[in-house]
Amino acid sequence: MSGKGNEGPAIAIRGLTKYYGGQKVVDQLHLEIPRGCIFGFLGRNGAGKTTTIRMLMGIVEPTRGTAEVLGHDCTRWTPELRERVGYLAEGHHVYGWMSVAECGRFQAGFYRRWNWDIFHAVIGHFNLKEKQRAGGLSRGQRAGLCLALTLAPEPELLVLDDPALGLDPVARRSLLEAMLYVTRQDDRTILFSSHLLSDVERVADRIAVMDRGVLRAYCTIDDFRARVRQFILRFKERPPAPPELPGLVHSFRTDREMALTIVNASDADRAVMSGLRPEAIEEVDLGLEEAFVSYVGERGEKSFFLHDLGGKK
Amino acid sequence: MSGIFWKEVRENFLWAVLGMIGFGIALAYGWSTVFAPNNWQSYQSILSPSFLMVTTFGAPILGMALGFLQIMPERLRDRWAFLIHRPVTPNRIFWGKAAAGLTLYFPAALIPFLLAGWHASMPGAIAAPFDWAMIRPGLADIFCGALFYFGALLTALRETKWFGSKAFGLLAALGCSAVVSGAGNSLLQTREALLVGLPILMVAAWGAFCANGEFNPQPRLAKAALALVLFFGAAELFGLVSTLAEMTVQRPPWNGQQYQVDLQGRILRMQYKYGQLNSVSDVQGNPVPVSAEMKERTEKWLAGPGLLQSLRDSFPEMPKKGHESYRIFENYFSDPGYTDGMLWFYAPKQGFSLGYHRQNRTLEWIGGVEGFVHSERPKPQPFGPLGSVVSQNNNPLLLKKDTVYSLDWVELQAYRLWTPQAGETLLAAGVALPSWESDFNEMACVLQTNQHILGMTMKGDPLFEVAAPSFEKTYLSQYCFFIPKDNRFFIEYRPDGRKYSDDERKKMPFYMQEIDAKNSTVTMTEMPPLPEWHASRPWTKCLDFLNYRVWNDANSVLSAWIGKAIGSEEMEDSFRWNRDHFHGYLRHNLIPDIITGLLAAAIAAGLLWRRLVWERGCWGLLALVFLGGLAGLVALWFWFDWPRVEACPACGKRRRTDLEACPGCGAGWPEPVRDGTEILTFGGENV
Amino acid sequence: MPLHLAITPGGDTPIYRQIADGVRRAILAGKVAPGDPLPSVRALAEELVVNPNTVMRAFADLAREGLVDAQAGRGFFIAERRQPYSRAERERRLRAAVETFVNAIAFLDFKPAEVLSPLRERLEEAEAQQTPGKKDAS
């Protein structure tokens, strides 16, 4: 368990649980992230992503369960481990009264290994001047500065908590480029959480979806999209009520059509749908965002009838 | 870590400057009230209560502000991660911060304060002598501010979880103030309290920092320190509650008896009830009629008392009174004497009596053995180290083992009243005068040596000399009563309080020795012992259980013993005084205290059991709660991180959420409910 | 780089398929000839700002279809035009494409004869473009 070791997963989580008062913010999380993986952590606000990340980084104490980062227990962070892991926390915090250059010098003083080339490259990429006061930077510029500070020590594992929050599209693109740059070297792992699914789709090898503290999905993006499919049933007249299927996450009825979003659709499900005797059944690919919204959104029917039919489920 | 240190210093520098200015303004305001024209206490200068109040309250506020400012902004959400996610141990980050905080705090507090001291030290600033040692109370207050600095760090670091945490801050602050008030007025106790209290608070704050504000990951030492802080805080809280309660009651009216001598020379036994004169009887117990007028103005009819200052404390230096307050002017110089436009003090270090002109605030007269000379003239021979100074009515007596001087500030003379005979040493001396409300204002001086009792005028003219009385047991002269027109003196002897215990003294009689100087007669009257003074107990007595005295008393006893062991007489005296003060108190309260302790321990045991945290080590906790009483119980409640308890989904029994196995059925925790919409191709389910 | 690929994340089509489609379109349009090198996986990934594994997958799919060749140590190259599928497979794919086409125009109320004409035009156009040696000047 201890020892540096370059084998083993980058992050291994077993049964991680956190209670805040009576509420389970993270519930029995099991997750293993191999080295070299770009891991996208998805979920609505309050799903437990940030709490999980904080527990991994040793900032919050878990209620029970274990987690290991690069083979080390997450409740026992050592300075050596902190040197190997880069952490960009939400909000892009810097000490506002320092200049960009001072931030760099201050941070560099703590690390044995500090790559000034990377620092200056990222600074330049985001168009920052050395003398600028950190407090006067825009959101995107601050993100660039934080990124430079995080990447310069060349960490083996990069943990980014909602790094694109509040960033304009150009800054977001720069962020993605920087992330990909990190993976030039093998064995570099990135864990990042984001709400911008198009960005996640670009760079993530694997995604995990947390919903109300529970891990509901851990797969590749293609897997996710393959398993969350939309079926459009066309009827001659008004469509019937949506069938009770276990994987049904979203349904929508209009005058002639019923659209069902089903997870893990089986042949049995298809048989049930046929049993409703529609004129046609069309299976549709959903984009990642659509699939995600259906997956974690509120269950239940959204109807858009000319007159009300009443809600269901 | 010097990186953190300089970052902190730069970040908070402006705040410190702001704080210094604020503190300086407050000090300046306090200082100005000292110099207000009508302030007859301005001689106290840097020891004036109005000035010290600024340091007592202002320094903690400054310290707390700096502590909060260093933590609060970084506690906001993920800023904390930015601070601690660095390849250095949390120790270094914490001590870097603390070092920076103290580096900013002390100059900010000391600079304005020392400026005030420098101003006070300049001649012409105040009409009183000044000794740089007088800055000690202010310095102690400023040091206490550092205590509050760590208290603020601790409070800000504690994770805000639920309502308890807000009360926690209060307890931490009270814990600090408990240390400060425990320091009290004695320099020694202050030193002890600060030397003990500061590391405790430092360690508690350090532990909270290293654990990111949580409880369980803290090192054991820090948890212990935290427990102490909370305990002090709870004890202080309860003390405040009972003090406030007592304040709602009027001053406890005192009941007791006293021997007095009236201006006819009768020895009277005065009985006071509810603070008022209730009845009077003579020595045998026969009642004496009391007129209404006499009840109202008791003092008008009495021949004293004058206090005879005992000299049996260390010789020849000024006795080291460890329990005396170092926060009052009179500890450095004497009480001031007032004559027309002048203020008179005794300066023990130099050995002179000093006279200051009140208007000009300059030193005018310096008094030595030969008398008083003008301050610009060469100094007279100093009196040297004294045993004691007796100041009454502008005619002080300066007492040494082999000499007594009497000073006359109006005539600017010094009289040598007495020289000893072979083998004679001075035991006690005082000024005899009828009570200040009577119509007489003549004074005489009474000396008790190991061989004689002497009486003389303040100029040294002898009035009487009799042999010292001998008693079977050890008696000390305490009071003298004086009837000037007959030159009759009465001296009251009481048993030695240090040699005999309270119970023994209850059975020993008092003695009154009457010396008629005119007729040269001496009479000794034996008087029955008097019961102790006591206060009628108001309803607030029922709140006594809030003030747990066992540990306080134990602390005093232990400190006195340590003092004796290391040969520090000052320390021994300081804590012995405390112990004596509480000794009788304890006798009344031992049983209730034990009951309270058992009750608190029982409640604690129930709490630990019910919350499923009971284990072997808890017996030690219970013992501590027993010693700590109610305050210990409250401290336990806030100290421990009580785990959440839920019903087991398998067997329904109560179980802790932070443990894997149920104590009832052994089951683990169930996986979250799966509804068929899971996509877990890479795992994510418990194998 | 004659190969202009653009991807739009968030759409219905996975990114790897968009890349593969882009390469296919370029081959069909004659913008690249057999033997031309494809950009390296890493370079393309950084240009498009996507995960290199995604690019890798697209190239692997194209290699499986026989449109590109992987040469060890040197990267991917446009392959000689050849038919990797069997007759049966080709016919299966044709029928699937026809099905899709028919479904797409099902509600447009065209008669079969009206549909055939534009269909034939387009097919002849594509065939002309695919003829080896005939590159479009653009």
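Helices (H or I, at least four residues) and strands (E, at least two) are DSSP runs, numbered from the N terminus.

## Basis of the model

This is a predicted model, in which local features need pLDDT of at least 70 and side-chain atom pairs count only at pLDDT 80 or more, while totals for chains, interfaces and linings use all residues. Residues are numbered from 1 along each chain as its sequence is written, chains are lettered from A and ligands numbered from 1 in the order in which they are written, and side-chain values use heavy atoms, with hydrogens and water left out.

## Chain A

The secondary structure of chain A consists of 10 helices and 15 strands, and its C-alpha trace spans about 70 × 40 × 40 Å along the principal axes. Of the 313 residues in chain A, 61% are buried, where buried means under 20% relative accessible area, exposed over 50%, and partly exposed in between (1.4 Å probe, protein chains only). Among the contacts (heavy atoms within 4.5 Å) in chain A between residues at least 6 apart in sequence, 69% join residues at least 24 apart.

A:Thr17, in strand E1 (residues 11–20) of chain A, counts as buried because its relative accessibility is 0%.

## Salt bridges within chains

A search of the whole structure finds 38 salt bridges over all chains, each being a side-chain nitrogen of Lys or Arg within 4 Å of a carboxyl oxygen of Asp or Glu. The side chains of A:Arg14 and A:Glu68 form one of them, at 3.8 Å from N to O, and this pair links distant parts of the chain, with A:Arg14 in strand E1 and A:Glu68 in strand E4 (residues 64–69) of chain A, 54 residues apart. A:Arg14 is partly exposed, at 43% relative accessible area, whereas A:Glu68 is buried, at 17%.

A salt bridge of 2.7 Å (N to O) joins the side chains of A:Arg112 and A:Glu83; A:Arg112 lies in the loop between helix H3 (100–108) and helix H4 (116–125) of chain A, and A:Glu83 in helix H2 (residues 79–84), 29 residues apart. Here A:Arg112 counts as exposed, at 69% relative accessibility, and A:Glu83 as buried, at 11%.

## The interface of chains A and B

In this interface, 47 residues of chain B are in contact with 56 residues of chain A. The area buried between the two chains, that is, the accessible area (1.4 Å probe) that two parts lose on being put together, summed over both, is about 4,600 Å², of which carbon and sulfur atoms give 55%. B:His85, B:Ile679 and B:Phe682 supply 18% of the area that chain B buries against chain A, more than any other three residues.

The rule finds one salt bridge across this interface, and the side chains of B:Arg10 and A:Glu102 meet in a salt bridge at 2.8 Å, N to O. Helix H1 (2–34), helix H3 (79–84) and strand E26 (679–680) of chain B are the elements that give two or more residues to the side touching chain A, and H3(B) contributes the largest share, six residues.
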